[in-house]
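Subject: Handover of a structure and its findings

Dear colleague,

Please find the structure below, handed over for your study.

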Amino acid sequence: GNDELLVLRTLERLKLEARAAGGDIHMLLGNHETMNVEGRFVCAPSNSMSGYKIFDDEIDSSWSPAPRPTNEKYTPVSRSRVGAFAPGGPLAAGILSERNVATIVERILFVHGGSFHGG
């Protein structure tokens, strides 16, 4: 919904608090985050788009999203979200670039969605 930025900020704050107390929070990069980086918002609620207007000042005014592989057009509201998640954008550079797709904590593998061990 329209609280996803609040959730992202809260998780980042909790990570800092956990580290200050000697712990940690491991947040993984999942398929929905990479879809946002690609400018694909099929899983993003439409009411979540307007919250990204706060990043407009951080997005270079000459920046333009890459052409879409479909006929879908970016609206002024979705342009803010695209810019925030685009490579080098405030969310991509400030939050997502620090996340792994997998991590090991005390010999336990954590991944988003599961893993496959062939053999």
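Helices (H or I, at least four residues) and strands (E, at least two) are DSSP runs, numbered from the N terminus. Read along the sequence, the pattern is α-α-α-α-β-β, which comes to four helices and two strands.

This is a predicted model, in which local features need pLDDT of at least 70, side-chain atom pairs count only at pLDDT 80 or more, and totals for chains, interfaces and linings use all residues. Residues are numbered from 1 along each chain as its sequence is written, and side-chain values use heavy atoms, with hydrogens and water left out.

Confidence

The term pLDDT denotes the predictor's confidence in each residue, from 0 to 100. The protein averages a pLDDT of 80, and 81% of the residues score at least 70. Among the elements, strand E1 (residues 102-105) has the highest mean pLDDT (94), whereas H3 has the lowest (78). Where pLDDT is low, the predicted coordinates should not be read in detail.

The protein as a whole

The accessible surface is about 8000 Å² (Shrake-Rupley method with a 1.4 Å probe; for residues, only the protein chains shown count as cover). Carbon and sulfur atoms hold 56% of that surface. Of the 119 residues, 30% are buried; buried means under 20% relative accessible area, exposed over 50%, and partly exposed in between (1.4 Å probe, protein chains only). A contact means heavy atoms within 4.5 Å. Of the contacts with a separation of 6 or more, 62% are between residues 24 or more positions apart.

Lysine 15 counts as buried because its relative accessibility is 8%. Not counting residues up to four places away in sequence, lysine 15 touches Asp24, Ile25, Met27 and Glu98.

Arginine 81

Arginine 81 is found in helix H3 (residues 76-85). Its relative accessibility is 1%, so arginine 81 counts as buried. Leaving aside residues up to four places away in sequence, arginine 81 touches several residues, including Phe41, Ala44 and Tyr52. Glu4 is also one of the residues touched.

Yours sincerely
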